[in-house]
Amino acid sequence: MGDDYRIESDSLGEMQVPADAYWGAQTQRAVENFPISGSTFGRRFIRALGIVKKSAAQANRDLGLLEEETAAAIVEAADEVIAGEHDDQFPVDVFQTGSGTSSNMNANEVIANRAAEIAGAEIGDRVVHPNDHVNYGQSSNDVIPTAMHVAALEAVEKDLIPGLETLRTALEEAEAEFDGVVKTGRTHLQDATPIRLGQEFGGYRTQVEKGIKRVGDVRLHLRELALGGTAVGTGLNTHPEFPELAAEYISEETNTTFREADNHFEAQAAHDAMAEAHGALRTVAGSMNKIANDLRLLASGPRNGLGEIEQPENQPGSSIMPGKINPVVAESVNQVHKRVVGNDATISAGAARGEIDLNLYKPVLAHSFLESAALLANAAEAFGEKFVAKLEANEEHCAEQVDRSMALATALNPAIGYDKASKVAKRALAEEKTVREVAVEEGYLTEDEADEVLDPERMTHRGILGDD
């Protein structure tokens with residue numbers, strides 16, 4: 001053993017481990033076995049592993065299965081993992097054994113060795129044992145899906161929903177600010193009847209509100225925890241009261257509600273809850289993508305596009321075209337959507353597999369979900385604060401477009417009939433006149449009647465124009 005390494009052992013023999021590492025032999029084997037992507041688990045999942053291990057130790061202590069001193073050291077070490085003090089001690093690649101055993105043992109070894117230090121022993125002394133103590137009454141097969149649900153639910157509640165609330169608030173404020181701006185509606189990318197800009201933003205705001213509810217609804221099944229099922233769901237080698245007690249400690253640590261799974265065999269052999277939850281994320285990503293695309297179109301120009309709203313000048317848009325400003329934040333939202341769709345394909349495929357008693361796609365399911373949640377949370381917040389909140393309406397241009405729109409002829413239908421209204425619209429287009437001008441010239445309406453029937457603002461309300 002050199003100064004840079006120490007020797008640790010597992011059931012397969014001895015391994016050289018970096019001298020300053022808290023992990024042990026099994027983690028080191030995983031590092032060497034899986035040089036796959038260079039991607040390791042992030043803060044949310046590592047925190048969740050720490051929460052599971054802390055709660056398990058507390059439950060086993062209460063049940064008389066761990067000595068008080070050993071449990072206290074494990075809890076203290078797990079608290080440090082929860083706080084993010086040892087994130088660099090989790091080097092295992094996401095693409096590993098499908099049960100996530102390598103990551104479970106990584107957590108067991110790190111917490112055991114740090115707990116040994118806390119107890120006054122040396123790293124590797126096994127005063128606190130990674131299997132016999134930290135992993136007592138547990139299996140990778142129930143720990144990893146438990147950590148998956150804990151991390152996913154925390155990501156939803158603490159990251160994604162607050163990010164979406166930021167976007168919702170920005171859209172709501174724009175809805176109120178733009179309520180008096182009448183503009184041309186568009187269907188099939190063609191001129192349609194007038195609409196208020198605020199009404200369009202109200203539609204966007206409602207999309208996000210419904211998205212928040214959809215995401216919130218997935219918490220029901222994410223609250224179920226597999227912990228206590230051990231290897232195949234039977235609960236072998238764990239105390240009958242352990243699952244419920246550990247879930248109570250997890251709930252206390254996270255300040256949200258978790259409970260024992262309805263059926264441990266389902267909780268370990270299938271991950272339909274993850275597929276369902278990510279489906280809500282995919283839907284939210286689609287909503288944000290639609291809103292971003294619409295705002296890019298409405299801001300297109302500034303002189304040769306729709307130009308109905310003015311976008312913020314977040315950064316120069318071109319390395320060759322001076323003065324060009326692009327909707328860069330909206331474009332980042334578009335790209336996030338594509339990544340989330342890709343993650344959804346991964347999660348859908350992974351959740352639909354896993355033969356017999358264990359789904360073997362746990363690590364990639366967890367990683368993909370947490371990436372999507374983080375991307376959407378960050379994108380929603382940036383989109384709301386850096387783009388939507390800084391938009392301005394081009395009221396004069398909107399009014400000019402409404403006045404020139406052929407779709408105003410729609411309001412003529414109740415007054416003069418569809419056929420005559422069509423004649424007015426066609427002549428107006430051919431002669432580059434307004435619908436109002438032609439309707440008066442044809443003698444269908446007087447000046448006063450035209451002012452009433454063809455009032456664009458009135459067209460943005462439900463009802464038949466001309467009825468009092």
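The questions below go through a predicted model.

Q: Why is His188 called exposed?
A: Its relative accessibility is 77%. Exposed means over 50%. The value passes the cut-off, so His188 counts as exposed.

Q: Where is His188, and what is its phi?
A: His188 sits in the loop between strand E3 (182–187) and strand E4 (190–196). Its phi is near 60°, a positive value in a residue other than glycine.

Q: Why is Ser318 called partly exposed?
A: Ser318 has a relative accessible area of 22%. Buried means under 20%, and exposed means over 50%. The value falls in between, so Ser318 is partly exposed.

Q: Which residues does UniProt list for "active site"?
A: The unreviewed UniProt entry lists His188 and Ser318. They are spread over 131 residues of sequence, and also in space, up to 30.3 Å between C-alpha atoms.

Q: Why is Thr254 called buried?
A: Thr254 has a relative accessibility of 3%. The limit for buried is under 20%, so Thr254 counts as buried. Thr254 is found in helix H9 (residues 242–254). Leaving out residues up to four places away in sequence, Thr254 touches Ile51, Val150, Glu154 and Lys158.

Q: Why is helix H4 called largely enclosed by the rest of the structure?
A: Of the 18 residues of H4, 15 are buried, so the helix is largely enclosed.

Q: How do you know that the reach of H4 is close to what is expected?
A: H4 (residues 101–118) reaches 25 Å from its first C-alpha to its last. At 1.5 Å a residue, 26 Å is expected. The two values are close. After H4 comes Gly120, whose phi is positive, near 95°.

Q: Why is Asn237 called exposed?
A: Asn237 has 63% relative accessibility. The cut-off is over 50%, so Asn237 counts as exposed. Its place is in the loop between strand E5 (224–225) and H9.

Q: Why does Ser11 count as exposed?
A: At 74% relative accessibility, Ser11 passes the cut-off of over 50%, so the label is exposed. Ser11 lies in the loop between strand E1 (5–10) and strand E2 (13–18).

Q: What kind of peptide bond joins Gly301 and Pro302?
A: A cis peptide bond, with omega about 10°. Pro302 is in the loop between helix H11 (272–298) and E7.

Q: How is the protein divided into domains?
A: Domain 1 covers 5–136, domain 2 covers 142–396 and domain 3 covers 405–460.

Q: How do you know that domain 2 and domain 3 touch?
A: Contact means heavy atoms within 4.5 Å. Nine residues from domain 2 and nine residues from domain 3 take part. About 650 Å² is buried between them, and carbon and sulfur atoms give 66% of that area. In domain 2, Val182, Thr193 and Pro194 lose the most area to domain 3, together 57% of what that side buries.

Definitions and conventions. Residues are numbered from 1 along each chain as its sequence is written. This is a predicted model: local features need pLDDT of at least 70, side-chain atom pairs count only at pLDDT 80 or more; totals for chains, interfaces and linings use all residues. Side-chain values use heavy atoms; hydrogens and water are left out. Helices (H or I, at least four residues) and strands (E, at least two) are DSSP runs, numbered from the N terminus. The expected span of a helix is 1.5 Å times one less than its number of residues. Buried means under 20% relative accessible area, exposed over 50%, partly exposed in between (1.4 Å probe, protein chains only). UniProt positions are given in the numbering used here, feature names are shortened, and annotations may be inferred rather than shown by experiment. Domain bounds come from an automatic or database domain assignment. Buried area is the accessible area (1.4 Å probe) that two parts lose on being put together, summed over both.
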